[in-house]
Amino acid sequence: TALAHDGSVALWRGYRDRGVLLEAAIAGRTGDHTQALRLDEDVLHRLESESHPVSNTDIFWLLQRCRLQTGDDLFALGRLENARQNWGDIVQSLSGSLEKYEPKLLVILQAADTRLGRTAAAQIVAKRLQSLASQPGGG
């Protein structure tokens with residue numbers, strides 16, 4: 001349909017996905033990890049079923065953010081291997097040169113590296129973020 005090709009549809013889907021991720025984060029913070037996982041997985045499956053988003057786009061950031069939250073939900077439910085898979089997917093998706101990623105993606109990469117116990121990698125990302133923050137204009 002004409003509506004399916006309208007750019008505003010993707011924009012509103014992004015807003016909806018952000019809202020669901022926020023709802024899931026709140027559920028997780030209040031201890032309802034099962035509900036948080038259900039919400040995060042719904043968004044994750046939809047995002048992963050669409051065409052591969054381009055790096056540094058909002059949809060790409062949403063996908064990585066959703067993977068991080070889903071991994072956190074799985075970890076909270078005692079499903080460490082599944083959590084590690086989600087965090088590993090982030091590391092794989094952001095495996096290029098750090099210079100090519102926006103700071104908001106680097107924050108997610110640093111969190112994933114930390115959760116995976118990749119301390120040296122997380123420190124490298126932290127140094128890159130610090131370098132960006134010290135540049136005129138904050139990066």
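This is a predicted model: local features need pLDDT of at least 70, side-chain atom pairs count only at pLDDT 80 or more; totals for chains, interfaces and linings use all residues.
Local features were taken at pLDDT of at least 70 and side-chain atom pairs at pLDDT 80 or more, whereas totals for chains, interfaces and linings use all residues. Residues are numbered from 1 along each chain as its sequence is written, and side-chain values use heavy atoms, without hydrogens and water.

Helices α4 (residues 80-93) and α5 (residues 103-115) have axes that come within 9 Å and cross at roughly 135°. Helices are DSSP runs (H or I, at least four residues) numbered from the N terminus; axes are lines fitted to C-alpha atoms over the stretch in contact, with angles from 0 to 180 degrees between N-to-C directions. In the contact (heavy atoms within 4.5 Å), Arg84, Trp87, Ile90 and Val91 of α4 meet Ile108, Leu109, Ala112, Asp113 and Arg115 of α5. This contact comprises six nonpolar, no polar and three charged residues (nonpolar: Ala, Val, Leu, Ile, Met, Phe, Trp, Tyr, Cys and Pro; charged: Asp, Glu, Lys and Arg; polar: the others, Gly among them).

The largest pocket has a volume of about 300 Å³. A pocket is an open set of points on a 1 Å grid where a 1.4 Å probe fits, with protein on both sides within 12 Å along at least five of seven lines; lining residues have an atom within 4 Å of a point. The volume is the space filled by probe spheres set on the points, which are joined across faces, edges and corners. Of the 15 lining residues, Arg29, Gln69, Asp72, Asp73 and Arg115 are the closest to the pocket centre. Helix α3 gives the largest share of the lining, seven residues. By class, the lining has six nonpolar, three polar and six charged residues.

Terms used
Helices (H or I, at least four residues) and strands (E, at least two) are DSSP runs, numbered from the N terminus.
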